Amino acid sequence: MKRRFIVLFSMLLLFSLAACGNHEEEVKTYDFPVEKEAKPIEDAGESISAYPQAQLEISEEEETMNTIRLYIGGEELSVEWENNESVDALKELVKEKPLEVQMSMYGGFEQVGDLGISLPRNDAQTTTGAGDIVLYSGNQVVIFYGSNSWAYTRLGRVADKSEEEMSELLGNGDVMITLSE
């Protein structure tokens, strides 16, 4: 029995060593010359840097063309808009002329206003917070200064106001908002 164990152990050791054998493969490396200065690439008449990482800057004009401005009581708020067909439709709507919406306080946590038009919607159960902007029933814009849970289509979020600031801005009576290009 001891002899079988030694033979078995020896065979196991032999197989283990065979599996761990030296299987080095030649690895080829290539040295490419690296230029120290960036070279511009012509792209549709505009020059961009191609080295080492291209960084495209969006001009302020281009940025405003791709967004919607939100004003509450004459104050412009910074909004992070969602990327969905409701926001796309809203952008198209305000291209022609600014849209003024009379908002009304509701429930002590939101302001609601009728858009006068129905937008595409993709309602999903969600819990909102202060600063959230949603579409309700396809034709009403809602801006929250508190929290609620319901099925809405998300439009965006006010990025530059705290919950306290949103409450001060929206919690003291009805307001007029303006959406523009």
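Student: How many bridges join E6 to E7?
Tutor: There are 4, and the two strands run antiparallel. One thing to keep in mind: this is a predicted model.

Student: Which residue stands opposite Gln-111 in E7?
Tutor: That is Met-105.

Student: And what sits between the strands in the hairpin of E6 and E7?
Tutor: The hairpin has 3 residues between its strands. Gly-107 there takes a positive phi near 70°.

Student: What else does E7 pair with?
Tutor: E7 also pairs with strand E10, residues 140-144. That pairing is antiparallel too, over 5 bridges. Val-112 stands opposite Val-142 in E10.

Student: What do the polar atoms of its side chain lie close to, in Å?
Tutor: Two backbone atoms. The backbone oxygen of Leu-170 lies 2.7 Å from a polar atom of the Gln-111 side chain. The backbone nitrogen of Ser-104 lies 3.4 Å from a polar atom of that side chain.

Student: What else does Gln-111 touch?
Tutor: Leaving out residues up to four places away in sequence, its contacts include Met-103, Val-141, Ile-143, Tyr-145, Gly-173 and Asp-174.

Student: New topic. How many residues are in the largest nonpolar core?
Tutor: It has 27. Those with the most contacts inside it are Leu-70, Trp-81, Ile-133, Ile-143, Ile-177 and Leu-179.

Student: Now helices. Which residues of H3 are buried?
Tutor: In H3, residues 85-96, the buried ones are Ser-86, Val-87, Leu-90 and Val-94. Looking down the helix axis, they fall within an arc of 90°, so they line one face of H3.

Student: What does the face turned away from the buried side carry?
Tutor: It carries the exposed residues Glu-85 and Glu-96.

Student: And what covers the buried residues?
Tutor: The cover includes strands E5 (79-81), E6 (99-106), E9 (132-136), E11 (148-158) and E12 (176-180).

Student: Which residue caps the N-terminal end of H3?
Tutor: Asn-84 does. One of its side-chain oxygens lies 3.1 Å from the backbone nitrogen of Ser-86.

Student: Where is Ala-124?
Tutor: Ala-124 is in strand E8, residues 124-128. At 41% relative accessibility, it counts as partly exposed. Ala-124 and Tyr-152 are 28 residues apart in sequence, yet 5.5 Å apart in space, C-alpha to C-alpha. Setting aside neighbours within four places, Ala-124 is in contact with Trp-150, Ala-151 and Tyr-152.

Student: Last one, the whole chain. How many helices and strands?
Tutor: The chain has 4 helices and 12 strands. Of its 181 residues, 27% count as buried. The chain exposes about 13,200 Å², and carbon and sulfur atoms supply 51% of that.

Conventions. Residues are numbered from 1 along each chain as its sequence is written. This is a predicted model: local features need pLDDT of at least 70, side-chain atom pairs count only at pLDDT 80 or more; totals for chains, interfaces and linings use all residues. Side-chain values use heavy atoms; hydrogens and water are left out. A nonpolar core is a set of buried Ala, Val, Leu, Ile, Met, Phe, Trp, Tyr and Cys residues joined through side-chain atoms within 4.5 Å. Buried means under 20% relative accessible area, exposed over 50%, partly exposed in between (1.4 Å probe, protein chains only). The arc is that of the directions from the helix axis to the C-beta atoms. Contact means heavy atoms within 4.5 Å. A polar contact is a pair of N or O atoms within 3.5 Å; within protein, one must be able to donate a hydrogen and the other to accept it, and residues adjacent in sequence count only if both atoms are side-chain atoms. Accessible areas come from the Shrake-Rupley method with a 1.4 Å probe; for residues, only the protein chains shown count as cover. Two strands pair if DSSP finds at least two bridges between them.
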